[in-house]
Structures are given as structure tokens and as C-alpha cells.
Amino acid sequence: MGGRVPGRGLRCQPHRCREPHPGSVTATTAGNMEPPDARAGLLWLALLLAGHSGIQAEVHVSVPPLVDVLQGEQIILNCTLREHPEHYVLEWFLVDASGSRHLLASGEPQGSKLQSTVHNSRGRNPPYALNPSGGLVINDTQVGDERDYVCVVKAGPMGTSEATSKVRVFTTPEPTEVFPNKGTLSVLDEFAQEIATCSSLNGNPVPNITWYRNGQQLKVPTELNTKGYMTSRTVREASGLYSLTSTLYLRLYKEDRDARFHCAAQYKLPSGQVGHLDSPAFQLTLHYPTEHVEFWLGSPSTTEGWVREGDAVQLLCQGDGSPSPEYSFFRLQNNQEEQLKVNLKGNLTLEGVRRDQSGTYGCRVEDYDADENAQLVKILDLSVAYLDPLELSVPGELFVFLNSSGTVVDCSARGLPAPTVRWTKDSVTLAYGPTLALDSVTFDSAGTYTCEASTPTVPLLSQTQSFQLVVQGTPELKPNEIKPISGNSWMEGDEVTLVCSAQGYPEPKLTWSQPGDTPAEPPFEGKGWMSSSLMVKVTSALSREGVSCEASNVHGKKSHVFHFGSVAPQTAQAGVAVMAVAVSVGLLLLVVAAFYCMRRKGRPSCCRRAEKGAPPAREQELSHSGSDRPEQTGLLMGGPSGGGRGGGGGFGDEVSDGLGVH
């Protein structure tokens, strides 16, 4: 009786088992091939023995039914026995494409270890191997290892059991390559054209290729049609890997001129994962007719379209057709086209443009594929702005007289567009317009006058012209103010610096009524003025006469007299000086008297004589009461008395002679 035992595989009659499915477990009993009738008898015998209480248990093995691996990695196919027989033989077989089995390796227990033997590695390097538990080890897996592997366990009386494991090897393909169509593709064609070919090489299993436009996947069929389709071709390489080539065909439109295309290869990985490899993006070269033309001024210009004379002017023409058509430039004169230039760049440059080149210019696009209603000709007006050098109605130097009026200066400005004119002096605007009137001229009116002409609508287009105004006339004179040094009046002997400033043309000469004048510092009045200074001492005579300065030139002269008013004498100062001299003389006399007294005390004989010849007490009283006056009188008057002689002669001798007489 045959059939599948749950969890144990298939029970087979001796040598009647077919190739098991991957991962299945089967058990067989040992024996020889018998005829059908004999096999039937043995089957009944086996059934009878199965009901006997002393029959031995069967052996069961299990392996992983499906093993996925990336190429180059190692795998181990474990063969697990549910029972533990004392003795068994474990064998690994490879099943080829025809279903034939090839023994790779075997092992049987020897004591506590499994003795393994590799019988045939079928040229594989590195060869197959068994691990200590009987698992089949496959190193550096390759696509050729993608097979069914059968583990067979022979356990003698317990029978034989086997199980099959299927190995799948996954290989990542090479980077995706794309080969776009390098030609020019016309949008006028009404059928699908070849866009590009995409290749994904040396992968396993066969990858899949998809196409994208601007990042969006293209849903194109594989059947031929006018809108678009794709074709694929798969090649199995000698290595056993697969290469896939896909070609995309599309109907193209003008909108595709900026489109970016690419392809991507999707490939399988272990555990149900999917890889993705994108190709580089590419664009197509399309041919489509011109529908619109633009013609404009490319050089620097104003909003009104003016260009400056002398500039390099560019006229730019651009059609929206592809490839770029020919551009023909012309100028309209008297309703006739004057051909200027033909090129593929669409630009016309006028170097150093002149005013006579103003006019109407045109551009024509030579596109013979364009629709008959397309406007292929455009025109524009070129306006060249210019401004001639300015002309003044007066020479570079204009001479006028002081206080004159009615002088008019004209500034002639010719240009296009009409320029704006203004007059300035020292950067201050005086008037707008071409005419400048000079009235009530003063010396301050002298200076540089500038006519400025500009065109507000054309920046940096301007001209200037200047003249120098010279004012002639009698000089103007300005004296500085003088004030007394102290108080409200001058004192005899005060020193003062007088300054006079003058202006005029020709340059005036400054003179003084007193000598000693020097050029002064730059005048405070400013430009056009000159100055002179004179230092004097104030005296009563000078106050009466005054000091005058005069400025003169060929046109006349002007003068000014400086007066000092009343001058106070320096009497108080003289009294002070006399008192100082008197004090000095008195101090000198005191010093002389002290010196004289010291000398007298230094002579003992004189002192003794004075003591011996001293008068009686009465005489001393008289001496104290009346002898001082004669001595003082003698000293002051120089009389014939002894005191007088002592004051008029030498201190030592005159004192000594006076004492011997007594």
C-alpha cells in the first residue's frame, strides 16, 4: 500500500520512488528490483510486518525547500535527521537539467564525528564541502549553482529518506546604459520614431526595463503602433547571466524639445526585494518649423529706443524653429530693401553707429518648412541720438566793465532728441536755456561760466563749454577796523597793525602814507582780493595827520585814512619812573652808610680817641640835641665844617681827618 505520510514524505515500494519535489521527505526500504508481481507480494508482506509489534521506526530528513543567495556569497544546505539511528550514510546529490542525479559528497558517523568524503565537484572551484553536521557548503556561489540539491539518508533497517532543496542565485546587473538617437528627429513625421536603446547586462534573473519622460513613466505597449511602442530582446550569456535590451519608439511633438528621457532596469533580489538602476538622462535634437519671430535691439538703449552715436549697436533676431534657420537682415530705404547680412546666429552689429544710420531695419527667417501663415518677417526703428559740441557767442575770455548791464551770451546746442541747456557758475545753476544775461556786473561776478547741454532720455549723452568773465574797473578798497588796545582811547606809544584789502582789474596797487608796509596774509574777503599791512606807533602827531592807504589801477584809485582820535600822554607813567629812581638812590645811600660804619668800627685807635675826647655830660646832651643837624647839613650842602669834609671825600680818609682835629 503506497501513499504520503503527513510530515514524513512519501512511503515507497522498494526502488519505486520518483524524483521528489523540492523540500519533500521520502523513505524507502532496501532491496533489489523485483517484477511487479513480486513487488506486490513484498508490499503485502511489508504491511503485515508493519502491524507486528517488533517492527523498527522509519528515518526522516528535512532540508530548507528554497534558498536565495546573491552571487558570490556562501550558502549551507542543512540536512536534519528527525531520528538518531546508530549508523547511517548521508549523501548529497545534484540534479541536472535532464533530471539525472550526480553524487557530490557523502558522510557517515565515526564515533562522535561525521566522516565526510567529496566524490565529485564537477569542476567547481572552490569544491563542495560538508560541515560537521552534514550540511552541504557552497562557497562563492555562481549562476551555475542554481540547481536542485537532494539529501539522501540510508539508515539500514530504518530505511532510506531523502529531501530536496532548491537554490536560486541572484546577480545584480551592470549599470544601465542608454544609447539615444543622435540624429535630428522631425516632429512633422506622423509615425513613431526610434528614440533610444537601453541595455541591462549580466543579471540574474532577467531584469525588467521601463522608460521615463521628465520623470514620469511611459506606458508604452510592445505592439507596433503610430503613437509609440517598445521592443525587447533577452540574451543568455555564456556565463549563464541574462542581458536585456529595450528600444523605445515614439511619435514626437514640438513640446518634446526640452523633454528629458531616461530608462531604468528593475531586478530581483533575495527575500522578494527589487533593485533599481537608472540610466543617465538625455535630450533629443528635434526638427520643427518656425512659428514665431522676435526682433529687438540688444545693445544698451533707453526705454524710448534711442542709442548713442558712436556706440556698437546689436540687432538680434530669433525664431522658434529648430534647427536654427538662416536670418536675413535688411534696411528699408525708399520702400526698398537694402540687404545687409545673412547668418545663422541671428545678430547684426553696427560698429560706431552714426546718425545717418537711423531708420527702419528688418529681419527675415528663411524657414521653408514653416506654415504659410507664419509671420517670418519683423521690423524695428533704430533712432541714433547725438549731441554736437557746444558753441558760445563769446570768446574764452570776456571783458566787461564794473556795473555794466546788457551783456548776453548765447550757447548753441544741436542734437537729437532736443537737448536741455543750463548755465552754472561754481556748480550753482544760474539759468536754464541757451541765453545768459549779465546785468549789474560786480567784481564778484568774475569767474568761470559753464554751459551744460544734456538729453534726459539718453543717459551719458552731454556736452559742456565754458568762458571766463573778467570785470574791469576802479578798485574796491576795504580797510580793517582798528580799536584801542585798552579802554576807549589810544595811548602815546601804542603799536597797531593796519590792513587794507583791494580788488579790481587790472590788479590794483596798494600804497601807504607811512613807510614800512608788507604783504599781508591771504585776505579774508576771498578770491580776487589782495592785501597789504603796516605797523605804526601811535603818537599825537600821527593822530593829527592820520595814516592813509590807497588802491589804484589804470581805471582810477580809492583811498582810506585811518584816524586815532585823541591820544592820552604817558604822564602817570613818568611819575612812577621818577619814584623808582629815587627809591633806588636811597637804597644805595643806605648801603654806603652801612659800609662806612663797619669800617669805622674796625679801627680801635679811632674808637679810643673818641672815648678819651668825649665831652662832659652836658656837652653830650648838647651834642645829642644839636650836633645832628650840622652833620646832616654838611652832608647835603658840602660846607667847610668837619662833617662837610667827611661827606665830600673818601669814606676812610675823610673820616680819619675829621677825628685828628678834635
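This is a predicted model: local features need pLDDT of at least 70, side-chain atom pairs count only at pLDDT 80 or more; totals for chains, interfaces and linings use all residues.
Local features need pLDDT of at least 70 and side-chain atom pairs count only at pLDDT 80 or more, while totals for chains, interfaces and linings use all residues. Residues are numbered from 1 along each chain as its sequence is written, and side-chain values use heavy atoms, with hydrogens and water left out.

The structure holds 5 disulfides, a disulfide being a pair of cysteine sulfur atoms within 2.5 Å. One of them joins Cys 79 to Cys 151, with an S to S distance of 1.9 Å. This link is left-handed, with -85 degrees about the S-S bond. Cys 79 lies in the loop between strand S6 (75-77) and strand S7 (80-81) and Cys 151 in strand S13 (residues 148-154), so the pair ties together parts that are 72 residues apart in sequence. Strands are DSSP runs (E, at least two residues) and helices likewise (H or I, at least four), numbered from the N terminus. Cys 79 is buried at 5% relative accessible area, and Cys 151 is buried at 0% (buried: under 20%; exposed: over 50%; partly exposed in between; 1.4 Å probe, protein chains only).

A disulfide is also formed by Cys 198 and Cys 263, whose sulfur atoms are 2.0 Å apart. The torsion about their S-S bond is about 80 degrees, so this disulfide is right-handed. Cys 198 in strand S17 (residues 193-203) and Cys 263 in strand S22 (residues 261-268) are 65 residues apart.

Val 583, in helix H3 (residues 571-601), is exposed at 53% relative accessibility.
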